Amino acid sequence: MPKVHLLDYVAGNVRSLVNAIEKNGYEVEWVRSPEEVANAEKLILPGVGHFGHCLSQLSSAGYIPPLRAHIDAGKPFMGICVGLQALFAASAEDPNCPGFGVIPGALDRFEDSVKSVPHIGWNNASCPTNPTLYGLQPDSKYYYVHSYKYPYKKGELEELGWAVATGTYGDETFVGAVAKGNVFATQFHPEKSGVAGLRVIRAFLDGSGAKALSEHPPRGVDGNVEEMIAQEGLTRRVIACLDVRTNDQGDLVVTKGDQYDVREKSDDRSVRNLGKPVEMAKKYYEQGADEVTFLNITSFRDCPVADLPMLEILRRTSETVFVPLTIGGGIRDTVDVDGTKVSALEIATMYFKSGADKVSIGSDAVIAAEEYYKAGKTLYGNTAIEQISKAYGNQAVVVSVDPKRVYVPKQEATRHATTKTKTPGPKGEEYCWYACTIKGGRETRDLDVVELTQAVEAMGAGEILLNCIDKDGTNSGFDLELITQVKEAIKIPVIASSGAGNPGHFLEVFQETTTDAALGAGMFHRGEYTVQQVKDHLGEKGLTVRKFEG
Ligand code: 1PR
């Protein structure tokens with residue numbers, strides 16, 4: 001098998017990248033010291049998280065001079081995400097930490113007054129000068145997750161000989177990919193961008209991308225470029241969620257509850273078994289799911305942490321599913337069966353190494369938020385959210401919220417953030433607040449969703465998975481009032497969850513709220529609708545969705 005070298009310097013999910021490379025028929029050889037860079041012919045620099053963190057790790061380990069030498073020698077080089085950002089001279093994310101300076105200019109942060117930041121989801125990488133640059137296609141979508149970007153200025157980089165592909169988020173057009181000579185880099189994650197991304201990786205690996213570029217070097221941009229690229233490219237994300245637990249026979253199954261009760265209504269009350277996790281994840285990927293989320297809803301007691309069954313599920317899923325994978329459940333400091341303490345960060349690390357892109361924290365986030373308010377909104381850096389987001393970046397930490405409605409007759413009846421509801425309570429109460437719960441809804445706390453989501457945003461969470469116990473499994477549509485309240489309270493993206501029963505519910509939540517993504521479970525598992533049908537419906541109604549490329 002032909003080889004490509006991959007730099008192993010930074011925390012993050014490189015398993016998916018390895019899988020994507022192997023899927024293209026190449027073998028990965030690791031570069032684990034600066035001296036080994038010289039062995040590389042083709043080299044990939046992956047990167048996630050914080051610019052300063054990545055660059056200072058590269059710098060202190062002595063990687064920057066050999067990497068520059070590799071690039072200057074004209075050998076093939078590909079940077080991914082922070083691997084693209086590293087090529088620039090600087091970033092506002094850490095002004096004290098210089099980049100490689102291969103491309104002049106500094107990255108800045110997306111403006112967040114009218115849109116969520118980080119920018120998470122599927123967007124364009126359109127290159128007007130070279131429309132099929134490194135396998136890119138003008139109508140394909142690519143998976144991005146970042147808060148900082150290089151703002152596109154017409155002609156600026158092209159004049160320096162770079163071919164530039166862009167995406168547009170809100171009214172900001174940013175650099176999505178760049179190429180010149182032997183250097184190619186993407187802000188998006190090709191290894192998470194389905195078939196469209198695999199094609200881009202192949203164009204780097206087999207040299208066809210660089211060859212085509214040398215035959216058709218960019219010649220400057222003409223007048224219509226701004227109009228062409230300045231249209232919002234971010235799609236509506238549709239996510240499939242699999243609640244996984246062991247059934248009474250000890251098998252790991254996908255289950256689904258009604259208001260979190262996952263047992264059959266029949267006399268035996270067995271755990272509802274809707275299928276096998278890895279197979280179902282693959283099915284949803286092939287139906288066009290933009291992400292797949294696994295929630296481990298049993299604790300797998302008596303099992304050594306390193307043998308957690310979800311690790312194997314992730315490993316197998318990431319071999320065939322090239323979209324982002326999130327794993328939730330049990331991410332907290334714990335004690336292993338042999339008495340060893342295992343931190344939430346260590347558990348998250350195992351999940352990332354097994355193929356997860358994000359971890360989702362539920363109960364532990366509620367407890368951390370309570371402590372945060374008790375300490376007068378002070379952060380000490382010791383919560384799971386802070387530690388994992390520091391090591392892997394905010395985008396890697398999702399907080400899963402399991403709220404329940406509490407009805408009150410008037411706003412003054414509670415200290416909590418209320419909402420006037422169109423579905424009054426049992427005694428005609430016109431207001432409600434949403435109480436956070438822990439342990440899969442078994443314990444309700446005196447903390448509302450606004451308090452929780454604001455606290456975890458301050459701690460460094462990158463996204464909220466917003467469930468609703470009242471709506472879960474009801475097929476009656478999302479709780480629009482809950483979603484609106486949370487969206488108004490925070491800047492980070494929100495995934496609406498619970499209650500989806502048909503494609504119209506997805507349309508409704510995207511039209512009636514500013515949610516960033518929407519998630520379904522039961523309607524997909526029961527085979528009532530496919531992900532594809534949901535996306536077709538959204539597309540027919542004029543919403544931008546990613547088309548699945550087989
Ligand atoms: O507290 O960090 O160990 O995390 C536990 C995780 O497991 C949390 O994310 C929590 O939401 C989840 N969980 C715990 N118990 C259950 C249960 O169902 N008994 N599942 C559970 C939550 C809710 C959704 C569901 C949507 C959509 N599942 O994710 O998929 O409500 O369903 P629908 O479209 O069929 O209505 P920790």
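C81 sits in the loop that connects strand 4 (77–80) to helix 4 (82–85). Helices and strands here are DSSP runs numbered from the N terminus, with at least four residues (H or I) for a helix and at least two (E) for a strand. The model is a predicted one: local features need pLDDT of at least 70, side-chain atom pairs count only at pLDDT 80 or more, and totals for chains, interfaces and linings use all residues. Residues are numbered from 1 along each chain as its sequence is written.

UniProt, in an unreviewed entry, places the feature "binding site" at C81. UniProt positions follow the numbering used here, feature names are shortened, and annotations may be inferred rather than shown by experiment. Is C81 buried or exposed? C81 is buried, because 26 other C-beta atoms lie within 10 Å. A residue counts as buried with 20 or more other C-beta atoms within 10 Å of its own, as exposed with 12 or fewer, and as partly exposed in between; the C-beta atoms are placed from the backbone. Leaving out residues up to four places away in sequence, C81 touches G47, V48, H146, Q187 and H189. Two residues are in contact if their C-beta atoms, placed from the backbone, lie within 7 Å.

The unreviewed UniProt entry also places "binding site" at G330 and N467. G330 is found in the loop between strand 16 (325–328) and strand 17 (334–335), and is buried, with 22 other C-beta atoms within 10 Å. N467 belongs to the loop between strand 25 (463–466) and helix 14 (480–489). N467 counts as buried because it has 27 C-beta neighbours inside 10 Å. Apart from residues up to four places away in sequence, N467 touches S400, V401, D402, D472, S497 and S498.

Now consider the whole chain. The protein has 17 helices and 27 strands, and 54% of its 550 residues are buried. A compact globule of 550 residues would have a radius of gyration near 24 Å, and the 23 Å of the protein agrees with this. The radius is taken over C-alpha atoms, and the globule rule is 2.2 Å times the number of residues to the power 0.38.

The domain assignment gives domain 1 (3–229) and domain 2 (237–540); such bounds come from an automatic or database assignment. The C-alpha centres of the two domains are 31 Å apart. Their contact takes 24 residues from domain 1 and 24 residues from domain 2. On the side of domain 1 that touches domain 2, the largest share, four residues, comes from helix 1.

In soluble globular proteins, nonpolar side chains tend to be buried together. A nonpolar core is a set of buried Ala, Val, Leu, Ile, Met, Phe, Trp, Tyr and Cys residues joined through C-beta atoms within 7 Å. The largest core has 167 residues, of which V359, I385 and A518 touch the most other members. Helix 5 (residues 194–205) gives the largest share of this core, seven residues. Both domain 1 (3–229) and domain 2 (237–540) contribute residues, so the core lies between them.

Strands pair if DSSP finds at least two bridges between them. Strand 6 (residues 103–109) runs antiparallel to strand 9 and is joined to it by two bridges.
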